[in-house]
Amino acid sequence: RRVRRARFYLKHYVLILAQSGIRVGEARRLKWRDLSQTKTLTGDIRVVLTVRGKTGEREVVCNAGVEFLLQELKCFRHSELDREPDRDEHIFCHRNGNQVATYRNGFDRALKDAGVLFSSDGRRRVPYSLRHTYATMRISEGVSVFQLAANMGTSVEMIDSFYGKKRVRDPKMATELTKQS
């Protein structure tokens, strides 16, 4: 049961970080009261996380699907407690309700078992790498660097310095750069 719980939480942690771009410390501090929602122009529901971290407090709009991940976590926790979790409880918590300090060991083990602990350039992947995954995916989908920077709680300059060179070779960017009126 303990291993099943650890794997369940790790899976949800990884997916939520990769689909929100929040920092590891921001995820660690997330509580159930920090969840709200908004709608897209087409009426689709998106989760909004109120995070607190390096750059203070901000609201983060998550990719589609995060609402289901959070609902699964809440249902799992409900079954453990035989009641709804308290609004002030950390989302990523131990069975006793205490905040999880890190998922680093489980993350390392999962990536090692999958044979992807190290990137092609030899760098070790860490949970923070999921933030880069999020940024890369959003940029490849054509999200404005201004909107991305605001959602991620960073500067446009930081987005550009990390991902600007990669964007030039993106087919969407090449199309935009070379289109004729």
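Trainee: Which residues lie nearest the centre of the largest pocket?

Mentor: This is a predicted model, and in it the largest pocket has a volume of about 640 Å³. Its lining is made up of 23 residues. Those that lie nearest the centre of the pocket are Arg2, Val3, Arg5, Ala6 and Arg7.

Trainee: Which element supplies the largest share of the lining of that pocket?

Mentor: At least two lining residues come from each of α1, α3 and α4. By kind, the residues of the lining divide into 10 nonpolar, 4 polar and 9 charged. The largest share of the lining, 8 residues, is supplied by α1.

Trainee: Turning to the largest nonpolar core, where does its largest share come from?

Mentor: The largest nonpolar core has 29 residues, and those with the most contacts inside it are Ile22, Leu49, Leu70, Leu73 and Phe92. At least two residues of this core are supplied by each of α1 (2–18), β2 (45–53), α3 (66–81) and α4 (104–114). The largest share, 7 residues, comes from α1.

Trainee: How many residues are in the second, separate core?

Mentor: Tyr134, Val145, Ala149 and Tyr163 are included in this second core, and Tyr134 is also one of the buried residues of α5. The number of residues in the second core is 9.

Trainee: Which glycine takes a positive phi just after α5?

Mentor: Within α5 itself, the buried residues are Ser129, Leu130, Arg131, Tyr134, Ala135, Arg138 and Ile139. Just after this helix, a positive phi of about 90° is taken by glycine 142.

Trainee: Does histidine 90 count as buried or exposed?

Mentor: Histidine 90 is found in the loop between α3 and α4. Not counting residues up to four places away in sequence, histidine 90 touches Arg28, Arg29, Leu30, Lys31, Trp32 and Gln99. Since buried means under 20% relative accessible area, and the relative accessibility of histidine 90 is 15%, this residue counts as buried.

Technical notes. Residues are numbered from 1 along each chain as its sequence is written. This is a predicted model: local features need pLDDT of at least 70, side-chain atom pairs count only at pLDDT 80 or more; totals for chains, interfaces and linings use all residues. Side-chain values use heavy atoms; hydrogens and water are left out. Buried means under 20% relative accessible area, exposed over 50%, partly exposed in between (1.4 Å probe, protein chains only). Helices (H or I, at least four residues) and strands (E, at least two) are DSSP runs, numbered from the N terminus. A nonpolar core is a set of buried Ala, Val, Leu, Ile, Met, Phe, Trp, Tyr and Cys residues joined through side-chain atoms within 4.5 Å. Contact means heavy atoms within 4.5 Å. On a 1 Å grid over the protein atoms alone, a cavity is a set of points where a 1.4 Å probe fits but cannot get out, and a pocket is an open set with protein on both sides within 12 Å along at least five of seven lines; lining residues have an atom within 4 Å of a point. Grid points are joined across faces, edges and corners, and a volume is the space filled by probe spheres set on the points. Ala, Val, Leu, Ile, Met, Phe, Trp, Tyr, Cys and Pro count as nonpolar, Asp, Glu, Lys and Arg as charged, and the others, Gly among them, as polar.
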